[in-house]
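Hi,

Here is the structure I promised to pass along.

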There are 2 protein chains.
Amino acid sequence: MTLSASPLRLATTQADFEAQFKARLHWSADTDAAIEQRVAEILADVQRRGDAAVLEYTRRFDGLDAPDLQALTLQPEELKAAFDGLPPAQREALQAAAQRVRSYHEAQKKASGESWSYRDADGTLLGQKVTPLDRVGIYVPGGKAAYPSSVLMNAIPAHVAGVGEIIMVVPTPRGEKNPLVLAAAYVAGVTRAFTVGGAQAVAALAYGTATVPAVDKITGPGNAYVAAAKRRVFGTVGIDMIAGPSEILVLADGSTPADWVAMDLFSQAEHDELAQSILLCPDAAYIDAVQEAIDRLLPTMPRSEIIAASLNGRGALIHTRDMEEACAISNRIAPEHLEVSSADPHRWEPLLKHAGAIFLGAYTSESLGDYCAGPNHVLPTSGTARFSSPLGVYDFQKRSSLIEVSAAGAQVLGPIASVLAHGEGLQAHARAAELRLKP
Amino acid sequence: MTLSASPLRLATTQADFEAQFKARLHWSADTDAAIEQRVAEILADVQRRGDAAVLEYTRRFDGLDAPDLQALTLQPEELKAAFDGLPPAQREALQAAAQRVRSYHEAQKKASGESWSYRDADGTLLGQKVTPLDRVGIYVPGGKAAYPSSVLMNAIPAHVAGVGEIIMVVPTPRGEKNPLVLAAAYVAGVTRAFTVGGAQAVAALAYGTATVPAVDKITGPGNAYVAAAKRRVFGTVGIDMIAGPSEILVLADGSTPADWVAMDLFSQAEHDELAQSILLCPDAAYIDAVQEAIDRLLPTMPRSEIIAASLNGRGALIHTRDMEEACAISNRIAPEHLEVSSADPHRWEPLLKHAGAIFLGAYTSESLGDYCAGPNHVLPTSGTARFSSPLGVYDFQKRSSLIEVSAAGAQVLGPIASVLAHGEGLQAHARAAELRLKP
């Protein structure tokens, strides 16, 4: 059987464009009640029984039998040994990627993550103190979606932020460890790792057990159980985002080789069948060329079945009236990855309001950004770029307001606070301000 | 009957300090299954029936009957009319507070909310673009906890961030509007308001109805139903934090008049019976003086019953070995409000790692910060200052990574990405990078 991939072909001028476009974009984040119930039970059990519960679930779900959680702990020397055991090309690539990711996040910290303060005319000091979290947990999926690059992308911003301890959890079904994942943990500065996963790992990090220390925040992607568990422990600890399927949107003016764009669409589609690849372009002949490249290149891809399923089920090639319309549609989608594959990307970039990451120009393939350009590859999916941001140093910092009202300032602020507090019926608030007034 | 308030008196040197301290701090954020179920039904109903469902719940829960949602809409002119109708002292106080809150948040935007980028040696551009959210919803409680100052604290950062539309919802049980709340909405730049509340208002903002526009993020405090609804719509829209009871921790060296500190403890306690006021001090005689001030001042307070209930049930006066130990205990609590009531507050501030807002020196009563010093009064509660931050301009912005890999940069990055992508079994990622390599 020959595989073929035909993303849905649409034109914004066709009468049913809106309906077809909406249907193709639709993805439901609805939660599964059975999973929710199961996860609630696991969380409660780990909270109650600690290590014993984690061991039991690890035995049951990962087929991994251990006498105690110490046996599932990886100390820094074991992470280093994994690194030392890699082929040199992988060692060098990991280190080079880590170095670039570190540099970018150091720039990010400098640009937006430093403490600041000022004094007003009355001598009152106002500001904000920025401090790192004490201890964070990083969830790393095992099995088919075990990505060492995700270890770098989660741990390095935490490390740059100055987090004291970075605890990694990674399931190792039947005890099979991924050396690249452990090596990445070493390169990224992970403090300690536990080879546990699922909701039980999230519970252990959120509540702490005799062996696993309680953390302040949990980041990193996982399956439906992990996502449900993270949502439930939110409040006890911080969490990053709840990720949906991955997406790419390519905004093309027709100047990039069609093969490059086809391969970029593939590189999203190969993640999983639910991943979404969309091309927006005002040039119909170019869209034809991309479809032709898809047909030609698909059989050469090892993951062609996943790619075909993704493109056929969720992909779209959309012919727009012009680039401006393409930008407007992109803003409606708020894609996770947005390639501006144009000879003049800076003309279009200011029109683009919502996206996790914007890749400018023909040479900026999403994959370069995924691995080593520097910016984070943990990005808001499913339209959540409307209100959320890439994982960053700021996710591993928190801010405290600083206020030092001078004696003179208290004379100015006191009467204002007093009027407003009385207006709200909070007389102790008013009196506290009034007590600071000089007679 | 004479009311009395005796916060639990503890000393860190006593044998059972740990147990007593933990018991007093304990507060459970556990959710109520009945509320969860009810909220899930309301959300689903509003998603399905829109305006009709919102009207029905408003009739049932708020005793407010309206023919359609237009009748529950407040346009800018009505907000302005409420402002114009206030006594001059309230008008001036609102404006003065708004001005200071605006200045602070403008400084915050400048310090940490601007776009940035740089080019590396290969000419590759890396950066982050910061943009405002398009449209946000602000939940404002009605009834006994209707705080106009909260309107300022939620809407002004959104306005400073550059949010296009700020939609406010505020329940008005039996149609009773709070003029100060509407006036604050006018001063803070709210675009439009709806007099609806509860889970139905959260649902309308998250999903949109014929009359209420769907927003990108919902902020603001509410009761258990509102909190449960916000938690459930998280992902469809952004939310701020889920707030617990309010808390103050006063770290005193004994140099501040005891009456001032007693009143500061009251000003937290008067919020509600679950609010928590804690004093940490190395000077036992000073703690006696504060208790004496509590006894003397309590009968003079209009909200003395709430204050007494809060202090008796959750308050604590803790005698510490020294100020260093007091700082360490404060870090364990990670309080929402932290007053450093010391003659030398800058000596202790560097030791304080976790707090929503830090109030330095005797003149900086929490109430001045609550209303008009400038920083936000929406702060992380219940120890969540370990990982979260005051509401700020950054909550109404999102970031997009910017990457423009130069042709030269692609030659350096391509081989790194290729090795790592092959290591993860993602060949399309590798090929996309390899296609950009020059022969």
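**What I found**

A:Ala334 is buried, at a relative accessible area of 0% (buried means under 20%, exposed over 50% and partly exposed in between, with a 1.4 Å probe and protein chains only). Before going further, the housekeeping: this is a predicted model, where local features need pLDDT of at least 70 and side-chain atom pairs count only at pLDDT 80 or more, while totals for chains, interfaces and linings use all residues. Residues are numbered from 1 along each chain as its sequence is written, chains are lettered from A and ligands numbered from 1 in the order in which they are written, and side-chain values use heavy atoms, with hydrogens and water left out.

Helices (H or I, at least four residues) and strands (E, at least two) are DSSP runs, numbered from the N terminus. Most residues other than glycine have a negative phi. B:Ala334 is in the loop between helix H13 (323–333) and strand E13 (337–341) of chain B, and counts as buried at 0% relative accessibility.

**The active-site pair**

UniProt, in an unreviewed entry, lists A:Glu336 and A:His337 as "active site". Its positions are given in the numbering used here, feature names are shortened, and annotations may be inferred rather than shown by experiment.

A:Glu336 is in the loop between H13 and E13 of chain A, and A:His337 is in strand E13. Are they buried or exposed? A:Glu336 counts as buried at 5% relative accessibility, and so does A:His337 at 2%.

As for polar contacts (a pair of N or O atoms within 3.5 Å; within protein, one must be able to donate a hydrogen and the other to accept it, and residues adjacent in sequence count only if both atoms are side-chain atoms), the side chains of A:Glu336 and A:Ser246 are joined by one of 2.8 Å. The side chain of A:His337 reaches the backbone oxygen of A:Glu247 at 2.8 Å. Contact means heavy atoms within 4.5 Å. Leaving aside neighbours within four places in sequence, A:Glu336 is in contact with residues including A:Gln268, A:His377 and A:Thr381. On that basis the contacts of A:His337 include A:Gln268, A:Glu366 and A:Asp370.

**The binding-site residues**

UniProt also places a "binding site" (unreviewed entry) at A:Tyr139, A:Gln200 and A:Asn223. They are spread over 85 residues of sequence but cluster in space, with a largest C-alpha distance of 12.6 Å.

A:Tyr139 belongs to strand E5 (residues 135–139) of chain A and is buried, with a relative accessible area of 4%. Its side chain reaches the backbone nitrogen of A:Gly198 at 2.7 Å.

A:Asn223 is in the loop between strand E8 (217–219) and helix H9 (224–233). A:Asn223 is partly exposed, at a relative accessible area of 45%, and its side chain reaches the backbone nitrogen of A:Tyr225 at 3.0 Å.

Cheers
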